[in-house]
Amino acid sequence: MTDAYCGACGQKRFDESDRRLGHLAAQCFELLTDLDGRLWGSLRALVLRPGVLDRDYMSGRRRRWLPPLTLYLLANLVYFVAPLRADFDLSFASQVPGAMAVAAMGDEAPAGLERFPGQLHGVVTAGPTRALVARRDARDRAGGGDGYTLAELRRDYDAIAADVSKALLILHVPFVALLLMAAMAGRGRYYAEHVVVTLHFFALLLPATLVFGQAVRWMLRHAWPAPLVTALSTGLLVALAAWTWRQVARGYGVGWLRAAAGALALIAGTLLVNVTVYRALQYVATLLLS
């Protein structure tokens with residue numbers, strides 16, 4: 001190829017400098033500073049024009065936007081590196097039945113913790129958890145150690161729980177998309193298109209969860225009046241619900257009632273999947289890796 005660009009595909013002619021780190025850094029800088037590019041355009045549309053990304057994807061107008069999975073992964077990356085605990089991240093004591101949590105926390109256990117029923121999966125996972133501690137205790141003692149206790153399992157679990165929980169967040173998507181497909185039945189949409197809407201929903205939900213959690217913690221730390229904290233928290237939740245309703249209405253091109261059903265499937269479905277599926281998978285994965 002003699003010209004700077006290929007006449008058939010438009011590819012720039014390869015140059016020796018393209019192999020260097022500076023070229024890679026320049027590409028990243030261009031991506032992040034090009035305000036008319038797909039990255040910032042997609043982010044603006046996601047936040048300020050809910051449903052546009054979904055509508056254009058379903059209509060085949062996809063070139064100007066980032067792919068849905070890419071947008072989700074960017075949001076997940078922000079969520080992953082944020083040094084904050086969020087609602088998707090549960091500690092060991094928040095996962096297991098109260099009696100086990102008290103045994104693991106010792107003097108640190110708050111009053112009344114023993115009455116905490118634990119998560120739904122506790123009926124199945126409590127026994128294997130005790131068995132795991134017994135096996136590790138026996139192995140440690142056989143090696144000349146002092147043994148292994150629930151307190152040490154809690155320590156090991158909590159050390160990696162945040163990272164594991166963030167890595168597994170995408171497990172919500174296929175289940176919530178199924179609920180959304182049920183809510184939007186009769187629209188003639190493929191399951192993959194409901195997955196796209198769900199990915200965009202989570203691309204907003206994850207950073208919104210961080211902002212919401214940080215705002216509430218800041219208000220509580222600065223002793224804001226409880227009614228004001230409640231009012232602001234309610235306002236943020238209403239804003240999320242309104243955004244989701246608009247996403248469904250514009251994305252699917254439906255009326256307000258059908259959009260409300262779709263928004264309910266996304267929001268309530270996320271809570272349902274989180275409690276029944278995600279927390280169990282998060283607990284087992286973290287337990288095995290701890």
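This is a predicted model: local features need pLDDT of at least 70, side-chain atom pairs count only at pLDDT 80 or more; totals for chains, interfaces and linings use all residues.
How many helices and how many strands does the secondary structure of the protein chain come to? I looked this up first, and the count comes to twelve helices and zero strands. Reading from the N terminus on, I noted the order of the elements as α-α-α-α-α-α-α-α-α-α-α-α.

**Entry: confidence.** Among the elements, helix 1, which covers residues 21–33, has the lowest mean pLDDT, at 66, while helix 9, residues 172–183, has the highest, at 96.

**Entry: the chain as a whole.** I noted that the protein chain has 290 residues, of which 39% count as buried. I then turned to the contacts with a separation of 6 or more, and residues 24 or more positions apart account for 67% of them.

**Entry: helix 9 and helix 12.** I looked up how helix 9 packs with helix 12, residues 256–289, and found an angle of about 145°, with the axes 8 Å apart. The crossing of these two helices is right-handed. On the side of helix 9 the contact is made by His172, Phe175, Val176, Leu179, Leu180 and Ala183, and on the side of helix 12 I listed several residues, including Arg258, Ala261, Gly262, Leu266, Asn274 and Tyr278. Sorted by class, this contact of helix 9 with helix 12 has twelve nonpolar, five polar and one charged residues.

**Entry: helix 3 and helix 10.** I next took helix 3, residues 52–59, and helix 10, residues 191–221, which pack at an angle of about 155° with their axes 10 Å apart. Because angles over 145 degrees count as roughly antiparallel, helix 3 is roughly antiparallel to helix 10. Their crossing is right-handed. I noted that helix 3 contributes Leu53, Asp54, Tyr57 and Met58 to the contact, whereas helix 10 contributes Glu193, Val196, Val197 and His200. By class, I recorded five nonpolar, one polar and two charged residues in the contact of helix 3 with helix 10.

Terms used
Residues are numbered from 1 along each chain as its sequence is written. Side-chain values use heavy atoms; hydrogens and water are left out. Axes are lines fitted to C-alpha atoms, for helices over the stretch in contact, and angles run from 0 to 180 degrees between N-to-C directions. Helices (H or I, at least four residues) and strands (E, at least two) are DSSP runs, numbered from the N terminus. Angles under 35 degrees count as roughly parallel, over 145 as roughly antiparallel, 65 to 115 as roughly perpendicular and the rest as oblique. A crossing is left-handed if the near helix is turned anticlockwise from the far one by less than a right angle, and right-handed if clockwise. Contact means heavy atoms within 4.5 Å. Ala, Val, Leu, Ile, Met, Phe, Trp, Tyr, Cys and Pro count as nonpolar, Asp, Glu, Lys and Arg as charged, and the others, Gly among them, as polar. pLDDT is the predictor's confidence in each residue, from 0 to 100. Buried means under 20% relative accessible area, exposed over 50%, partly exposed in between (1.4 Å probe, protein chains only).
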